[in-house]
Amino acid sequence: MSEEFNLNQVIASERELERAPKRGMFLLDPRLKLFLLFLVIFLNIGLAINVISGILLCLGLLTFLWTRPPLGRTTFFLLAPLLTVIITVIGFSIGFGVTPIFELWGVSVYKEGLIQGGGVALRVYCDVTWLALTFITTPFAQILSALRWYKVPDILVDTLGIMYRYSFLLYEEFLRMHVAATTRGGRTTTWKSIQSVSRIGAQIFLRVFDRSERIYWAQFARGGQKDA
Amino acid sequence: MHISEGIITGIPAAVFTVVSLGLVGVGAKEMTKFAKEFPEKKPLLGMAGAFIFFLSLIPIPAFTGTTSHPCGAPMAAILLGPWIGIALTGLSLFLQAAFFAHGGFSTWGANVIILGVGGAMCGWAAFKISRKVGLSLVVSAAIGGFIGNILTYTFAGLTLASVLSTGPQPQYTFMQYLGVIYTAYLPTQGPIAIGELFMTGLIIKYVYEQRPEILESLKVVTVKVSIIFLVGFLLFLPIQTAVAQNMDNTVNNQQHQAAEPEGEETGMMGMDEAINESLAEKAGMPPRDPYINIEALGDVWNTIILLAGGICGFIIGRWWDLLFVGNQKCQKNSI
């Protein structure tokens, strides 16, 4: 998990995004990308017809080839739901249907369940492909601007921005404190581990509290409105 | 807990999404109110959201299309209120779906209801009820964390079982699916729920120990009861002093009267002397001094009366708070 949340990797990824040649989805306006994404989700999930999901997935993959987004984040996006999808397909195959295909260790695998599980996998990857196309090719600040344009309340957009910015910072602080606690014997027993993690959690919360006030006053000192 | 993309489709997905948008809308209103009341704490909302974001991003796969992990939502709700907790949950789930492919946009609505209502709202309610019945801050927070976590997974199981049992050609009934899902959750979620119990309680404890004013400013606890106690004590002190002086005067008068020669007017006698002792003498049991005669010890007697008064005042103040202040939904108790 630590590798996924590495701030430096995120910054590198954002820089890579800025340097990327502008083609495919990179050329589209973020507002249009969000509209396309929600249209795809509506068609894919709302209608839940495997053929439509298949066509949308193919379109997404072709757009992928045209856009050629950064490989690292794309791979992560495509691999992230894989384990859940496999478990879902297995669960559906043995949990639904009336026509057994084969039996494994006394458990029957049904044809209908397999088709249904396959449908779920198709829908998941259709959505994930378009999610990746939208969010990998768009800097976060532009996504926030697009959300504002769609009249999402300011308080939610602002909070989302702070969440994105400080998530990585807080996690790095957590990791530093966690390493320090571990080297001081803070994880020798289960109870000590719980205590250490709780202490770190409390410290992070206290830092969050103080930092939030500092951020506010820094913004205010630079001309930010008091109630904004 | 996250129900993954593609599991819920069609009208149920739309209904979940609309209901969740309503809940997050109410949460957004509460957030705006919070930001207006405490403008300097506005960034805290984002940071609390970041906290939920991390905790609920540690997936442990379970049965068909769902995962286990700590919630974090109960603690956010305890600190910032249930509606803000729900709104932050919604934002956290949005970020997870957009940047980590965890959960999804089509199941965002269902996940908001599960984590927001089950985790944040129910966890907060458990915390508040525990405080009302007089449990300490730490124990109440621990109960809130535990109940929030358990109910999150209860809601997730119910949602998933209802979706699966109404799917085409289900192999099992609703209850059987529910049983299978809960059985799948138990080995991963049981220890995590216990962990969340301890962690929520301990985090609140450590924060309170180090910076109680933070919890007071967030209205998790207040000094109201402490103030009532202090005011009561300050009011009680002069009364006690007056009573003590009065008693001193009485004792002095009695001593003065006792020193006066017999046959002269002795003034008013106490009930013990006038009735009880005379009745005892008539019955053939003359009065004697007690084994520990504290009346004769002077100031010790006064001190004991003062202490008894203080203890009674504390008990009355405590019960007054439990019976009346609590019922008025002040939600302001001390540890």
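Helices here are DSSP runs of H or I with at least four residues, and strands are E runs of at least two, numbered from the N terminus. Step just past H3(B) to B:Gly81, which has a positive phi of about 105 degrees.

A quick note: this is a predicted model, where local features need pLDDT of at least 70, side-chain atom pairs count only at pLDDT 80 or more, and totals for chains, interfaces and linings use all residues. Residues count from 1 along each chain as its sequence is written, while chains are lettered from A and ligands numbered from 1 in written order.

Now hop to chain A and select strand E1 (residues 100-104), where the count of buried residues is zero. E1(A) pairs with strand E2 (residues 107-110) in the antiparallel sense over four bridges; pairing takes at least two DSSP bridges. Click A:Leu104 to find its bridge partner, A:Val107 in E2(A). Two residues sit between the strands of this hairpin, and A:Trp105 has a positive phi near 50 degrees.

Last stop: show both chains. Their contact takes 59 residues from chain B and 57 residues from chain A, with C-beta atoms, placed from the backbone, within 7 Å. On chain B's side, H2(B) gives the largest share, ten residues.

Technical notes: Two residues are in contact if their C-beta atoms, placed from the backbone, lie within 7 Å. A residue is buried if 20 or more other C-beta atoms lie within 10 Å of its own, exposed if 12 or fewer, and partly exposed in between; C-beta atoms are placed from the backbone.
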